[in-house]
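Subject: Structure handover and findings

Hi,

My notes come after it.

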Amino acid sequence: MVRFFQNPYEDFKPGAVFAIGKDEVIARLNEHVQIITKRLQPSRKNVDGGLYVGITGISYMFHNLSKNPLLSEYKREYLEKASHYLKPALETTAGDKTSFLLGDAGTYALATVLMKEMGDEQFKEKLKMYKSLYPQFLNPKFLKCGGDEFFVGRAGYLAGALWMSRELQISVFSSEELYKICDVMVASGEEYSSKHNSPCPLMYHYYNTEYLGAAHGISFILQMLLSVPGYMQYKKTAATAIKSTIDYILSLQTEEGNWPCCMEEVGLSDHKLVHWCHGAPGTVYLMAKAYLVFNDQKYYDACIKAAEVVWQKGLLRKGPGICHGVAGNGYVFLLLYRLTGEEKYLYRAKLFADFMYSEEFLRDARLPDNPESLYEGVAGTVCYLSDLLVPDKAEFPFQDVFSN
């Protein structure tokens, strides 16, 4: 089964002139927004799935649009829509309080930022609710299924804390509080690694699978450990373990630029998944962060290689989403554009956006399970199109590598 469409485009020729058609991008974006608001209502029955596939994700999309300087005339309207979509999520509990991407933690984080933006003093209350979850993450046995990854674990909680700090321009937690979570994550990775004779100092599992990618895997966990300001200086032993593990992950990159989905697949010749969740399009963020932290060319080269496999095999049949779709893969080029300053990557990002409106894609791409959602559906596409208009500020949701 072929998982991707053949890339029909010629690659960038040095000196070529191209333009992002802003009016066209905005028209596409508005069309998606109309469809989303028509098909997915801000009601309690649509709360499940949190930021990932629930209405909290739609609220995030509107918040993302509200920050775009080219759409500033609609800022107030976007913020009100964002509040409207978040309201039912704040009135019901997702059942999974601590989960950032699937549960209440993500809802509290977004509510804090949104309310502050709208001048609502209740943001302090929501921030308090986010912070009240903190002690649970310090329990080493916090989640049996694997308490360190992005969706439900510590890395997600850290991602939320760092995102809020950037958006609010305040320190949500003290350095010491953040370092304590990092310490637990490092200890958890060391313990698992030694128990399972892993080939690197840190290893993690999610439901007994040692994932390598961004969704449930080690690459996002390591990226968050690198992103906590000062942690690498504060804990030298941890820093050594983190860097050695990153170097091991780097060594698993294949000739064509991809990564295995999980440790069980290391050594296999063909790695088919070129998704943000599993494969190069998510692991590239770890390599970009490692390059910015350590200033070592090998991480930069890994990013360039990752972008090549995405260009070749990244027009996914799975749909337009950011988790395992064309928009998520297009974000790789926006990342590389910011990292390298090369026009080539902006050109590629534009073509990935264009492809989603091609006859072939509209006819043959699969409809995602949650077609309007942030991670699986077109709400993520809207964020991508919005970021295409301001590529110097583009960032995959909750995964900014350039701050701190």
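Below is what was found, grouped by topic. Please keep in mind that this is a predicted model.

**Helix packing around H15**

Start with helix H15, residues 326–340. Helix H16 covers residues 343–355. The two pack at an angle of about 165 degrees, and their axes are 8 Å apart. Angles over 145 degrees count as roughly antiparallel, so that is the label for H15 and H16. Their crossing is left-handed.

Which residues of H15 and H16 make the contact? From H15 come Val326, Asn329, Gly330, Phe333, Leu334, Leu336, Tyr337 and Thr340. From H16 come Glu343, Tyr345, Leu346, Arg348, Ala349 and Phe352. By class, this contact has nine nonpolar, three polar and two charged residues.

Now the other partner. Helix H13 spans residues 280–294. H13 and H15 pack at an angle of about 15 degrees, with axes 9 Å apart. H13 is therefore roughly parallel to H15, as angles under 35 degrees get that label. This crossing is left-handed too.

On the H13 side, the contact uses Pro281, Val284, Tyr285, Ala288, Tyr291 and Leu292. On the H15 side, it uses Asn329, Tyr331, Val332, Leu335, Leu336 and Leu339. The classes here are eleven nonpolar, one polar and no charged.

His275 sits in the loop between helix H12 (236–251) and H13. Is His275 buried or exposed? With a relative accessible area of 3%, His275 is buried, because the cut-off for buried is under 20%.

Leaving out residues up to four places away in sequence, His275 touches Ala280, Pro281, Gly282, Leu316, Lys318, Cys323, His324 and Asn329.

**Salt bridges**

The count comes to 25 salt bridges.

The side chains of Arg348 and Asp11 meet in a salt bridge at 2.7 Å, N to O. Asp11 lies in the segment before helix H1 (22–39), so this pair ties together parts that are 337 residues apart in sequence. Arg348 is buried, at a relative accessible area of 0%. Asp11 is partly exposed, at 25%.

Arg348 also meets Glu308 in a salt bridge, at 3.1 Å, N to O. Glu308 lies in helix H14 (residues 297–313), so that pair ties together parts that are 40 residues apart in sequence. Glu308 counts as partly exposed, at 26% relative accessibility.

Salt bridges that share partners join Glu24, Arg28, Lys350 and Asp354.

Asp247 forms a salt bridge with Lys243, and the closest N and O atoms are 3.3 Å apart. Both residues are in H12, four residues apart, about one turn of the helix. Asp247 is partly exposed, with a relative accessible area of 23%. Lys243 is partly exposed as well, at 25%.

**Positive phi**

Two asparagines to check, both in the loop between H9 and H10. Asn197 has a positive phi of about 50 degrees although it is not a glycine. At 68% relative accessibility, Asn197 counts as exposed. For Asn208, phi is near 65 degrees, again positive in a residue other than glycine. Asn208 is exposed, with a relative accessible area of 64%. Helix H9 runs over 175–195 and helix H10 over 218–227.

**Ser165**

Last, a residue in helix H8 (residues 154–168): Ser165. Ser165 is partly exposed, with a relative accessible area of 22%. Setting aside neighbours within four places in sequence, Ser165 is in contact with Ile170, Ser171 and Val172. How far apart are Ser165 and Gly330 in space, C-alpha to C-alpha? The distance is 26 Å, and the two are 165 residues apart in sequence.

Best regards

Definitions and conventions: Residues numbered from 1 in each chain as written. Predicted model: local features only at pLDDT ≥ 70, side-chain atom pairs only at ≥ 80, totals over all residues. Heavy atoms only, no water. Axes fitted to C-alpha atoms, helices over the stretch in contact; angles between N-to-C directions. Parallel < 35°, antiparallel > 145°, perpendicular 65-115°, else oblique. Left-handed = near helix turned anticlockwise from the far one by under 90°. Contact = heavy atoms within 4.5 Å. Nonpolar A, V, L, I, M, F, W, Y, C, P; charged D, E, K, R; others polar. Buried < 20%, exposed > 50% of the residue type's maximum accessible area, 1.4 Å probe, protein only. Salt bridge = Lys/Arg side-chain N within 4 Å of Asp/Glu carboxyl O.
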